[in-house]
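Dear colleague,

I am passing on the structure we spoke about, and I would be glad if you could look through it with the notes below beside you.

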Amino acid sequence: MNIKELYQEIILEHGKNPRNLRKTDNFNKEAKGNNPLCGDNVHVYLKLNGEKKIEDISFEGSGCAISMASASIMTDLLKGKEELEVKEIVNDFLGMIKENPELESKKLKKDEKTKLMCLSGVKQYPMRVKCATLSWHTLISAIDNTQEEINTEKLD
Amino acid sequence: MSIDNIKKEFPIFNNKVHNNDLVYLDSANSSQKPQSVIDRVNDFYSKEFSNVGRSVHYLAVAATNLYETTRSSVQKYINAKDKNEIVFTKGATEAINLIANTFGQKYLKEGDEILITELEHHSNYVPWHFLRKSKGIKIEFAEVNSDGEVTIENIEKKITSKTKLIGITHLSNVTGAILPIKEITELAHSKGITVLVDGCQGAPHLKLDMQDLDCDFYAISCHKMYGPTGLGILYAKKKWLEELPPYQGGGGMIKEVKKDSISYGDLPNKYEAGTMATAQVIAFDKSIKFLEKIGMENIINHEQELIEYGQEILRKNNSVKLIGNPKNKGAVLSFTIEGVHPHDIATILDEDGVAIRAGHHCCQILHDKLGITASARASLGVYNTKNDLDQLNSSINNCKKIFNL
């Protein structure tokens, strides 16, 4: 595989100019995650409204192009979606990065799938998978209000 | 043995990485192994294997002799006064833990201070942290200066009447700074302070003379010295090994065991409980022979030439920033590229067969001080050439191109 399939333009662009890299005002959910091997860290903030819809989602942190792009694309894509929908999409994304060839969730539109599949190149780089999944695991932890900090070394 | 053709001694370089020649620049992490060391492990298991120090049969006696031969070789190599000052451990980490544990147990009490530096690897910090938790000792850090060195003045500044031990690296695994151990030891001893040196990076790249350095303890990692993994060496002055309590209990370290009393074995057995890394110890003799054949002076000259060349070409490369500029520098080139995270650098370089390390290199204190979370590190071994450094530079350029820099 060519290294350029991992570092596609869209990833470099999101890595360089991450969307939603800020702290949500009046957030009501949050979680921290870190990747001790790389030193990547992320703090995800969520504002869920009364109908459990994501009114705003943002993140703070630092890390490599893959982890920043992944968090940027994630926050961009999930804003406005409902909690249950979000959980399904996160599972689908993690499943795809881990083993599934494609994204399967019906909650994802075609262009959204295309966008997420840009991160699929990381599957060929086992040491970098954690960079792509850190913010997603952290998001779930925020939704579930888990107090524990996400640590990529403790994940499967 | 000529250093120019030394790559031939290392079979790993016959392999391709992503269809490219391997450019191995991660020796500070672990060095590659020469054929003679690999063969020795194989031969010992194939023809000579037995446990050591216990049985009286032919193989056991022969293996014990080989095991002790390595101890003598190490003693000569590092110019220790006595063969029994050499203790085999599972690594330098265990060597430092051994001292922290036994020295801490016997000599440290609440309020006592251990002085380390901001350059230290986690393995020369965390063991002392355990004592901070269990005994309430304090840990002080001698400051690193803007060149990535720790000067003797900065050490002296942090010495107090409560300082009991100075734990210090010989050669920084991030900035490459070589610390003046002899002078530091002299200063420490004049104030009655004990000195432990983390020699993980010092041992593969510097000439070692324990009697000249005069430090109390020196920890060595064998796998960074072209030797097998799972093996380290603790050098300790004999008086310490006699005075300190044993570290681990078990077979091999005892003299007599009764229901109500136990007496411990003589040196060095007192500190080598259980079955040791026998094959690794025996093969390590070949690593020492390998280093002796090339000659430490030749190694130092070769590596110095490379370090200077590496610094020169990387300094010319825009957006590459070298970490540290110590006057005495060995074997390590750490850097950052503005706009590219070190992990992205390492992945892209790997595609070209260039193996470097990215991260905090087990030196989070130093990286915090530098205000970065990670750095990229190219580290050298005897087998590296200017060509390797040119390849590093051209892969860095490729990396910059991918990131549109």
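**A loop residue in chain B, and what else was found**

Y226(B) is found in the loop between strand 9 (217-221) and strand 10 of chain B. Please bear in mind throughout that this is a predicted model. The phi of Y226(B) is near 65°, which is a positive value in a residue other than glycine. Most residues other than glycine have a negative phi, and most peptide bonds are trans. A cis bond also turns up in chain B, namely the peptide bond from L267(B) to P268(B), with omega near -5°, and P268(B) sits in the loop between strand 12 (262-264) and helix 10 (278-294) of chain B.

**The sheet of chain B**

**Two crossing helices in chain B**

The axes of helix 12 (residues 342-351) and helix 14 (residues 386-402) of chain B come within 9 Å and cross at roughly 120°, and the crossing is right-handed. From helix 12 of chain B, I345(B), I348(B) and L349(B) meet residues of helix 14 of chain B, among them L392(B), I396(B) and C399(B). The residues of this contact divide into seven nonpolar, two polar and no charged.

**The sheet of chain A**

Chain A has an open sheet of four strands in the order 3-2-1-4, again with mixed pairing, and its edge strands are strand 3 (54-62) and strand 4 (150-151), each of which pairs on one side only. Strand 2 (residues 40-48) and strand 3 of chain A run antiparallel and are joined by eight bridges, with F59(A) in strand 3 as the bridge partner of V44(A). Helix 6 (residues 129-143) of chain A packs on this sheet, where it touches strand 1 (29-35), strand 2, strand 3 and strand 4 of chain A, and its direction makes about 150° with that of strand 1.

**Where the chains meet**

The contact between the chains takes 12 residues from chain B and 20 residues from chain A. About 1,300 Å² is buried between chain B and chain A, and carbon and sulfur atoms give 57% of that area. How many salt bridges does the rule find across the interface of chain B and chain A? It finds one, formed by R128(A) with D344(B), whose closest N and O atoms are 2.9 Å apart.

Methods. Residues numbered from 1 in each chain as written. Chains lettered and ligands numbered in written order. Predicted model: local features only at pLDDT ≥ 70, side-chain atom pairs only at ≥ 80, totals over all residues. Heavy atoms only, no water. Axes fitted to C-alpha atoms, helices over the stretch in contact; angles between N-to-C directions. Left-handed = near helix turned anticlockwise from the far one by under 90°. Contact = heavy atoms within 4.5 Å. Nonpolar A, V, L, I, M, F, W, Y, C, P; charged D, E, K, R; others polar. Buried area = accessible area lost by both parts, 1.4 Å probe. Salt bridge = Lys/Arg side-chain N within 4 Å of Asp/Glu carboxyl O. Pairing = 2+ DSSP bridges.
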